[in-house]
Structures are given as structure tokens and as C-alpha cells.
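Here are a few friendly notes to read alongside the model. Please have the viewer open as you go.

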Amino acid sequence: MIVKRVLVSDDNVNRVAYYQVLMVLGAVVVWAPTALETARVLQEGEPFDLVALDHDFRAADCIADPEESTGRGTAKVIAALPPEKRPPIVLLHSANAAGREAMAAILRSAGIEPVVAPLPNLFPP
């Protein structure tokens with residue numbers, strides 16, 4: 001599979017650098033710094049080939065339920081997408097092990113098998 005469109009859902013812009021290497025290969029990399037922005041881009045925009053998800057977001061993003069403002073909320077959005085909008089690759093890169101497992105469980109319940117690959121915290125916020 002050729003990855004042409006990548007969505008990075010993370011509030012730490014420094015971690016986006018891990019994915020920018022894909023731009024050299026011709027991919028479009030979109031950064032969404034909040035769960036709310038990630039949900040909007042997924043629901044309104046073109047489908048992505050790869051979505052990389054963080055779990056913990058520092059910034060409040062106007063979702064009333066705090067759980068929905070994390071990667072769990074984003075995983076629920078992905079799980080609810082129509083098949084033609086679902087990304088074929090969902091990468092869980094969060095350093096939060098419990099959060100990664102919660103996101104993985106949500107995705108698996110919708111028939112999506114995520115790739116679990118936590119990024120090292122080389123670029124602290």
C-alpha cells in the first residue's frame with residue numbers, strides 16, 4: 001500500500017516530525033492538535049491512508065466529556081466512520097499504555113486492528 005495522506009493527531013508539534021519524513025516520499029501530512037480537530041478532519045475531509053493517534057491532549061478542545069477529548073474519543077470517531085472513510089492503517093503512538101489499550105479496544109470492537117507503536121518521548125512538550 002502506498003501512503004499518500006497521513007493525519008497526525010497529537011498536541012505536541014515536535015512529534016509530528018516523525019511523520020514528516022513521509023512528505024519526502026510524496027505524502028500529504030495533516031496535523032490535528034486536538035481531539036476535536038481530529039474528529040472534524042476525519043468526518044469532513046477526504047479519507048486518510050494512515051491516522052496516527054496520541055491519547056493525552058493538554059489543551060481543552062471544547063468537548064464537554066473529558067474522555068471524548070482524548071484519543072479514546074478519536075478512536076470512537078474512527079470506529080463510527082463509514083467504511084469508505086475509515087483509514088486502512090491506524091497507528092497508536094501514545095506513550096500512555098492504558099490509553100493505547102483503551103483506544104485499541106474501541107477500534108477492535110469495530111473490526112479495525114490498530115498498529116501499536118509508541119513513540120519515544122525524544123521531543124518533550
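The points below cover the strands, a crossover, a helix pair and the rings.

1. A word on the basis: this is a predicted model, where local features need pLDDT of at least 70, side-chain atom pairs count only at pLDDT 80 or more, and totals for chains, interfaces and linings use all residues. Residues are numbered from 1 along each chain as its sequence is written, and side-chain values use heavy atoms, with hydrogens and water left out.

2. Start with strand β4 (residues 89–92), which pairs in the parallel sense with strand β3 (residues 50–53) over four bridges. Strands here are DSSP runs of E, at least two residues, and helices are runs of H or I, at least four, numbered from the N terminus; pairing takes at least two DSSP bridges. Leu91 of β4 is the bridge partner of Ala52, and Leu91 also stands opposite Val115 in β5.

3. Strand β5 (residues 115–116) runs parallel to β4, joined by two bridges. With helix α4 (residues 97–109), β4 and β5 form a right-handed β-α-β unit (clockwise from the first strand over the helix to the second, with the strands pointing away from the viewer).

4. How do helix α2 (residues 35–44) and helix α3 (residues 71–80) cross? Their axes come within 9 Å, at roughly 10°, which makes α2 roughly parallel to α3 (angles under 35 degrees). Ala35, Thr38, Ala39, Leu42 and Gln43 of α2 meet Thr74, Val77 and Ile78 of α3, contact being heavy atoms within 4.5 Å.

5. Finally, Arg5 lies over the face of Phe48, 4.2 Å from the ring centre (the rule asks for NZ of Lys or CZ of Arg within 6 Å of the centre and within 35 degrees of the ring normal).

Methods. Axes are lines fitted to C-alpha atoms, for helices over the stretch in contact, and angles run from 0 to 180 degrees between N-to-C directions. Angles under 35 degrees count as roughly parallel, over 145 as roughly antiparallel, 65 to 115 as roughly perpendicular and the rest as oblique.
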